[in-house]
Amino acid sequence: MSAEPAQPDPVRHRDHGTWLVQFTGRILVVCPRCGGRALVAPRPGIEAPKYFSALLFQPRRLVCAGCGAVADWTAEERGRGLVGVVPGGTEDPFFRRPLWLQTRCAGRILWAYDEGHVDALAAYVGARLRERRASPTMAMFARLPAWMKSAERRDEVLAGLAALRALAGLSAPADRSDAAHERGDRPRHHGSVLFRGGPY
Ligand SMILES: [Zn+2]
């Protein structure tokens, strides 16, 4: 048997974009300057969107309370439209920074955008009896990778989520998870386009 552990395989949420959208309003990332915890959120003064999907186009600001780094992101313009991001993978979809909340779990990388995302995942994974009613949120939860939903992995995944929750409370560069680095696993297909003045 090889003594070398297999390289952890990042969880790919490529088909979970719709579900992930609602968590893109608050994303903890690794600061590009100091390597500590930074926050990516809609730029201050911007109205809360009517629809979750609008979050894919809203201008974002990255702020690090530790070192004072600030960066802005605006959606790419193409013709009369704005190109929205595609959430998924272990980087934030706006600045493409590694997520702060990453940990090794069951030979994979377990990740989340913020504490609310961790709580939502824990509520689903920890549920012994899962709702089968077709609410859109539950339908999207149902598309999580099989290893996160298997009964045998439940305790392992819940422990991983607890580790993510603990990480959310840490912010110093030295607190950075050894799993929180670039993988280039963000979705490569183009995002949706919002046409200004359209019926959207
Ligand atoms: Zn910083």
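Two residues are in contact if their C-beta atoms, placed from the backbone, lie within 7 Å, and the legends below use the word in that sense for a model that is predicted.

View 1. Of its 200 residues, 30% count as buried. When contacts between residues at least 6 apart in sequence are taken together, 74% of them join residues at least 24 apart.

**View 2. The largest nonpolar core and the surroundings of Trp 100.** The largest nonpolar core has 36 residues, and those with the most contacts inside it are Leu 28, Val 29, Leu 99, Trp 100, Leu 101, Ala 112 and Leu 164. Two or more residues of this core come from each of helix 1 (17–21), strand 2 (27–30), strand 3 (37–42), strand 8 (101–105), strand 9 (108–112), helix 2 (115–126) and helix 5 (154–168). Which residues does Trp 100 touch once its neighbours within four places in sequence are left aside? Trp 100 is then in contact with Leu 28, Val 29, Val 30, Arg 37, Leu 167 and Ala 180.

View 3. In general, strands of a sheet pair through backbone hydrogen bonds, either parallel or antiparallel.

**View 4. Strand 2 and strand 3, joined as a hairpin.** Strand 2 and strand 3 are paired in the antiparallel sense over 4 bridges, and Val 29 stands opposite Ala 38 in strand 3. The two strands form a hairpin with 6 residues between them, and Gly 35, which lies in the turn, has a positive phi of about 80°.

**View 5. Arg 61 and its bridge partners on strand 4.** Strand 4 (residues 60–63) pairs with strand 5 in the antiparallel sense over 4 bridges, and strand 3 pairs with strand 4 in the antiparallel sense, also over 4 bridges. Arg 61 in strand 4 is the bridge partner of Ala 41, while in strand 5 the bridge partner of Arg 61 is Asp 72.

**View 6. The two sides of helix 2.** Helix 2 has 12 residues and reaches 16 Å from its first C-alpha to its last, close to the 16 Å expected at 1.5 Å a residue. Its buried residues are His 117, Val 118, Leu 121 and Val 125. Seen down the axis of helix 2, the buried residues fall within an arc of 100°, so they line one face of the helix. An α-helix has 3.6 residues a turn, so residues three or four places apart point the same way. The buried residues of helix 2 pack against strand 8, strand 9, helix 4 (146–149) and helix 5, whereas Ala 123 and Gly 126 are exposed on the other side of helix 2.

**View 7. Arg 96 in the loop between strand 7 and strand 8.** Arg 96 is found in the loop that runs between strand 7 (81–83) and strand 8. Why does Arg 96 count as partly exposed? Arg 96 has 15 C-beta neighbours inside 10 Å, and a residue needs 20 or more to be buried and 12 or fewer to be exposed, so Arg 96 falls in between. Leaving aside neighbours within four places in sequence, Arg 96 is in contact with Glu 91 and Arg 186. Arg 96 and Gly 184 are 88 residues apart in sequence, and their C-alpha atoms are 8.8 Å apart in space.

Notes. Residues are numbered from 1 along each chain as its sequence is written. This is a predicted model: local features need pLDDT of at least 70, side-chain atom pairs count only at pLDDT 80 or more; totals for chains, interfaces and linings use all residues. A nonpolar core is a set of buried Ala, Val, Leu, Ile, Met, Phe, Trp, Tyr and Cys residues joined through C-beta atoms within 7 Å. Two strands pair if DSSP finds at least two bridges between them. The expected span of a helix is 1.5 Å times one less than its number of residues. The arc is that of the directions from the helix axis to the C-beta atoms.
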